[in-house]
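Me: I would like to learn how to read the strands and the core of a model. Please give the general idea before each case.

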Amino acid sequence: MFAVLKTGGKQYKVQAGDILRIEKLAADAGETVQFDEVLMLGGDAPVVGAPLVDGAAVKAEVIDQIKGEKVIHFVKRRRKHSSKRTKGHRQKLTLVKITDIIASGAVASAAPAAKAEAPAAAGSDDLTKLNGVGPAAAAKLADAGVTSFAQLAALSDDAIAAIESVKIKPEWVEQAKELAQG
């Protein structure tokens, strides 16, 4: 059985026992890591995700933190402005050994759970549904006490002017009125 996983912006086809050099992970040697972004499972009955396979994961053990080969970037400009410049670096990598491929029933690893936001409070709406309101503006509105479409629609011009953390646009109020009605 093999799996295609995604990590560090790259995709890898792996089997149990494979040793990979991947982009640096925040893990020490000997720790076990789990990759939840599995794009495909292969074998007798291949499963292709859309885009990910639900419940699938790949477990690996960190062997070591290493550096890749030295990459040298040399620039030489000729003619009137004769100049040379040499730059280079060594990419930091993590050496991992694939221990197990879990086809279904994998528990999500702790890393995505840390990124998950706290559950929304009762009576709050997703203000990012309004055109032009992103996560930062929605957070500023929540800090100002506006968490639902009805609250935003009920704001008077004086109340809008009093909120200094974010500039509330009239289009947001109109859209909030429509979304509050259903």
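This is a predicted model: local features need pLDDT of at least 70, side-chain atom pairs count only at pLDDT 80 or more; totals for chains, interfaces and linings use all residues.

Me: In what order do the 4 strands of the open sheet lie?

Reply: Strands of a sheet pair through backbone hydrogen bonds, either parallel or antiparallel. Here strands are DSSP runs (E, at least two residues), numbered from the N terminus, and two of them pair if DSSP finds at least two bridges between them. The order is β3-β8-β7-β4, with antiparallel pairing. β3 (19–23) and β4 (32–35) are the edge strands; each has a single partner, so one side of each lacks a neighbour in the sheet. From one strand to the next the twist averages 50 degrees, using axes fitted as lines to C-alpha atoms and angles from 0 to 180 degrees between N-to-C directions.

Me: How many bridges join β7 to β8?

Reply: There are 18 between β7 (residues 57–77) and β8 (residues 83–102), which run antiparallel. K59 stands opposite D100 in β8, and K59 is also the bridge partner of Q34. β4 and β7 pair over 4 bridges, again in the antiparallel sense. In β8, K84 is opposite K76. The hairpin of β7 and β8 has 5 residues between the strands, and R79 there takes a positive phi near 70 degrees.

Me: Is T94 buried or exposed?

Reply: Buried means under 20% relative accessible area, exposed over 50%, and partly exposed in between (1.4 Å probe, protein chains only). T94, in strand β8, has 0% relative accessibility and therefore counts as buried.

Me: Which side chain forms a polar contact with the side chain of T94?

Reply: A polar contact is a pair of N or O atoms within 3.5 Å; within protein, one must be able to donate a hydrogen and the other to accept it, and residues adjacent in sequence count only if both atoms are side-chain atoms. Q65 is the partner, at 2.9 Å. A polar atom of the T94 side chain also lies 2.8 Å from the backbone nitrogen of L25.

Me: Which residues touch the most other members of the largest nonpolar core?

Reply: A nonpolar core is a set of buried Ala, Val, Leu, Ile, Met, Phe, Trp, Tyr and Cys residues joined through side-chain atoms within 4.5 Å. Among its 20 residues they are V14, F35 and V58. Another core, of 17 residues, lies apart from it and includes V133 and V166.

How values were computed:
Residues are numbered from 1 along each chain as its sequence is written. Side-chain values use heavy atoms; hydrogens and water are left out.
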